[in-house]
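Please look over the sequence and the structure before reading on.

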Amino acid sequence: MLALPLPAALVSYGKSMPSPDAIRSRLLAAFPDAHIELTDLTGTRDHFQAVIVTRVFDGKTRIEQHKMVYAALGELMDGDIHALALTTRAS
């Protein structure tokens, strides 16, 4: 059987793109009580939509909430995740 390389859209700097489960795990590690809805918008594992609802966001501005999410995702936001449509709310 011939092994074909991954399409370029699924490879970033020679590595596989993060799975939705890996992203969800990072978010749950940072926000253990969160309700998280994560959708791969294109099927290429680099464009996502996330809805995150957690009491950790209580009293925080939307900008502060988004910065907390970006911090939780760390280096994934430096290239592996090309786009993230983000909705955050306090529970």
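The cover over the buried residues of α2 includes α1 (20-30), β4 and β5 (83-89). Buried means under 20% relative accessible area, exposed means over 50%, and partly exposed lies in between, with a 1.4 Å probe and protein chains only. Helices (H or I, at least four residues) and strands (E, at least two) are DSSP runs, numbered from the N terminus. This is a predicted model, in which local features need pLDDT of at least 70, side-chain atom pairs count only at pLDDT 80 or more, and totals for chains, interfaces and linings use all residues. Residues are numbered from 1 along each chain as its sequence is written, and side-chain values use heavy atoms, with hydrogens and water left out.

**The chain as a whole**

- The protein chain has two helices and five strands.
- Read from the N terminus, its elements follow the order β-β-α-β-β-α-β.
- The protein chain has 91 residues, and 33% of them are buried.
- Its accessible surface is about 5700 Å², with 56% belonging to carbon and sulfur atoms; such areas come from the Shrake-Rupley method with a 1.4 Å probe, and for residues only the protein chains shown count as cover.
- Contact means heavy atoms within 4.5 Å. Among contacts between residues at least 6 apart in sequence, 57% join residues at least 24 apart.

**Helix α2**

- Helix α2 covers residues 62-73, which is 12 residues.
- From first C-alpha to last, α2 reaches 17 Å, close to the 16 Å expected at 1.5 Å a residue; the expected span is 1.5 Å times one less than the number of residues.
- Which residues of α2 are buried? They are Gln 65, His 66, Val 69, Ala 72 and Leu 73.
- Viewed down the axis of α2, these buried residues fall within an arc of 120°, so they line one face of the helix. The arc is that of the directions from the helix axis to the C-beta atoms.
- Ile 63, Lys 67 and Ala 71 are exposed on the other side of α2.
- Gly 74 follows α2 and has a positive phi, near 55°.

**The nonpolar core**

- A nonpolar core is a set of buried Ala, Val, Leu, Ile, Met, Phe, Trp, Tyr and Cys residues joined through side-chain atoms within 4.5 Å.
- The largest one has 17 residues, of which Ile 23, Leu 27, Ile 52, Val 69 and Leu 84 touch the most other members.
- At least two residues of this core come from each of α1, β3, β4, α2 and β5.
- Leaving out residues up to four places away in sequence, Val 69 touches Leu 27, Phe 31, Ile 52, Phe 57, Leu 84, Leu 86 and Thr 88.

**Strands β3 and β4**

- Strands β3 (residues 35-40) and β4 (residues 47-53) run antiparallel and are joined by six bridges; two strands pair if DSSP finds at least two bridges between them.
- Asp 40 has Phe 48 in β4 as its bridge partner.
- Six residues lie between the strands of this hairpin, where Gly 43 takes a positive phi near 80°.
- Arg 45 sits in the loop between β3 and β4. Arg 45 has a positive phi of about 60° although it is not a glycine.
- Most residues other than glycine have a negative phi.

- Ala 30 belongs to helix α1 and counts as partly exposed because its relative accessibility is 37%.
- Ala 30 and Leu 73 are 43 residues apart in sequence and 9.0 Å apart in space, C-alpha to C-alpha.
- Thr 61, in the loop between β4 and α2, counts as partly exposed at 43% relative accessibility.
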